[in-house]
Amino acid sequence: MNRTIQLRCKGLALGIIPAIAMLFLPAVVSAQCASGKVFRGGVSTNGGMDFVPSVGAAENVFIGGTLCPQSAHVGRLADVIVAVSSGGQLSILDSSLQLQPFNPEQVPAFQEAVILSQSMPLELYQGAAGAALGAVDIFVGYRIDGEYFYDQMAAGFSVNAGSSLHALQFTPQPRSITAGKSQITVAFDRPVDPGTVGADDLKVFGRWTGVIQGETSLSTDGQNLVFDIRSSLSAGEWLSATLPAGSIRAADGSELTRGYSWSQWITAGTSDLNFEQIQEISTREAGSQQQIQTYGAYAGDLNGDGWSDFVVPNEISNDLRIFLNDGAGNYGDFSIVPIEEANRPSPNEGADLDGDGDIDFVVGSAWGNHVHVFMGDGAGNLVQTQNLVAGSRVRGVCLLDFENDGDADVFATTYIGNRVALFTNDGNGTFSSATTFDVANGEWSCASVDLNEDGLTDIVVGSRISNELVALISNGDGSFTESSRSAAAGDPWMLTAGDMNGDGHGDVVAVNSQQKTMTVTLGDGLGGLESTASYSVAENGEGFPLAVDVGDLDGDGDLDVVTADFTTRLFLIFENLGDGTMVRKPKQLIAPAAASCAVLHDRDNDGDLDITGIDEVDDKLLLFRN
């Protein structure tokens, strides 16, 4: 019986591919080059720097190498041919990145009519190796005028089953922008023991919806964990999922020794990007003219009624103000929650910290040294429970499961402390003392994203003194390893992340206050940050952007960008053309005094993303309807 695996070539899905067999090509002509081989390569676990004889089925691998044509053929047009052999069957990789059954009368090309050059690099595949196929042989060569030039001895390696249970594939695809609202599946490298599958094994959280309820089951063959979503998800929101280490076991007794975390964006309804302001709401108490400096916002459903509520920290009054949605997309009265030991609280995020199914909340003191922890009661209230000592001037806060043990941890940046801090969660919402380490000079902002696509959540830190973006790769145990350090093209005041150019890799978006720019820095899927494109947010030469958020505002399947600028008072919309190129829209949304923050959420539950802005000078919520 043929085994099947899901592979990805050049970042594109190949679909279900049969395991393949011995190859015999017609009209064989042996080719020689300096090394005596037409193709030098195979399988690698470090991007092609070193080739190894065997890999595990769940490892992320690179398959490729160098095509070495005969000197007489350099400069000529040829078809590149790729064939794979394993388990007694065969396939040929065609130009549409599909593996076709071998037919000696018709051999499709992997690349058609290319000009041969010396030492031509070829990338055939990058991603999880797939099923345990055993021995695999790859024949790579070229065809000129019907003659085939390839090595009689294949580039061989083996794909072996690991000693522990591994996840191979997630559906929807991680970082997808158009994920559905009905189901999440995880495919494993071997059948799972149904007796170990529990209702809480797969933990799913929506940035605005909160804890996602669902029913967990196994497919008939036992290799797919299925999570049927029962909650009503918010359109266009960011969804994260975690499969904790040790949560399930394979039928052969092997354990899930490491966990997995991944994310996607729920599909948003289409619109024409024509936003109108429908309401202006003061965050001050009735009759007060005293500035409280509302700065920062979170739009989670605090009371579980299916509508997006709003929490704002206030820097001068050192408190939170909670606005519950009235069930029609509007906000009325608010409650005030003082923050003990706060000093200008601002950076914030929500998560279920204690595992009770309610949204909790974390906010950092931008002029102090604490991260303040609040627990939600599911009725719209927040109660302060801890003040975590991070370091002087907490400017960035990221919440995600950095240990993959099933609960959210806290990562914070400190500007004057010139350090970052990680607080690990004991599962009940109580956090450890900080583990701190130096990253750059002037650590200010952070964003979470799986940069090397290994199922662990990584961190990008933005520094405002050294003007760098530093990628920290998670080791899965609460520690990190630096993988990339690149120029930020400015001083990154705020960061966010998502797949901006549709290649399946996580990218980073920043606003740079001094440079008056918004930048998009692309990830390579291997842990590195590559090219950066810069876009001006200036108006008549003026500008000081403070905030950025991303979401599919027009519902066309890519992430658009909204920036908020303190000086120009403008909320700017940048439309994504689909390849990561951003176009600044001419219609601008204006704040009365200072555009300080913008959140993208489906406030009125009509299926598309709205914008709620903050004015920190006039202390107002600005409601823009899509």
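The model is predicted: local features need pLDDT of at least 70, side-chain atom pairs count only at pLDDT 80 or more, and totals for chains, interfaces and linings use all residues. Residues are numbered from 1 along each chain as its sequence is written, and side-chain values use heavy atoms, with hydrogens and water left out.

Strands here are DSSP runs of E with at least two residues, numbered from the N terminus. Strand β28 covers residues 360–365, and six of its six residues are buried, so the strand is largely enclosed by the rest of the structure. Buried means under 20% relative accessible area, with a 1.4 Å probe and protein chains only.

In a regular strand the side chains alternate between the two faces of the sheet. Here Asp-360, Val-362 and Gly-364 point one way from β28, while Phe-361, Val-363 and Ser-365 point the other way.

Two strands pair if DSSP finds at least two bridges between them. With β27 (residues 345–351), β28 pairs in the antiparallel sense over five bridges, and Gly-350 has Phe-361 of β28 as its bridge partner. The pairing of β28 with β29 (residues 370–376) is also antiparallel, over four bridges; there Val-362 stands opposite Val-373.

## Aromatic rings

The structure holds 18 aromatic pairs. Rings of Phe, Tyr and Trp (its six-membered ring) pair if their centres lie within 6.5 Å; planes under 30 degrees apart count as stacked, over 60 as edge-to-face and the rest as tilted. Two of the pairs are set out here:

| Pair | Centre to centre | Angle between planes | Type |
|---|---|---|---|
| Phe-170 and Tyr-260 | 5.8 Å | 55 degrees | tilted |
| Phe-411 and Phe-480 | 5.9 Å | 75 degrees | edge-to-face |

Phe-170 belongs to β15 (residues 167–171) and Tyr-260 to β22 (residues 260–265), so their pair ties together parts that are 90 residues apart in sequence. Both Phe-170 and Tyr-260 are buried.

Phe-411 lies in β32 (residues 409–414) and Phe-480 in β38 (residues 480–487), so this pair ties together parts 69 residues apart in sequence. Phe-411 and Phe-480 are both buried too.

Elsewhere, ring pairs link Phe-310, Phe-323, Tyr-331 and Phe-334 into a cluster.

## Charges over rings

A charge sits over a ring if NZ of Lys or CZ of Arg is within 6 Å of the ring centre and within 35 degrees of the ring normal. Arg-393 lies over the face of Trp-367, at 3.8 Å from the ring centre. Likewise, Arg-464 has its charged end over the ring of Trp-444, 4.5 Å from the centre.

Terms used. Buried means under 20% relative accessible area, exposed over 50%, partly exposed in between (1.4 Å probe, protein chains only).
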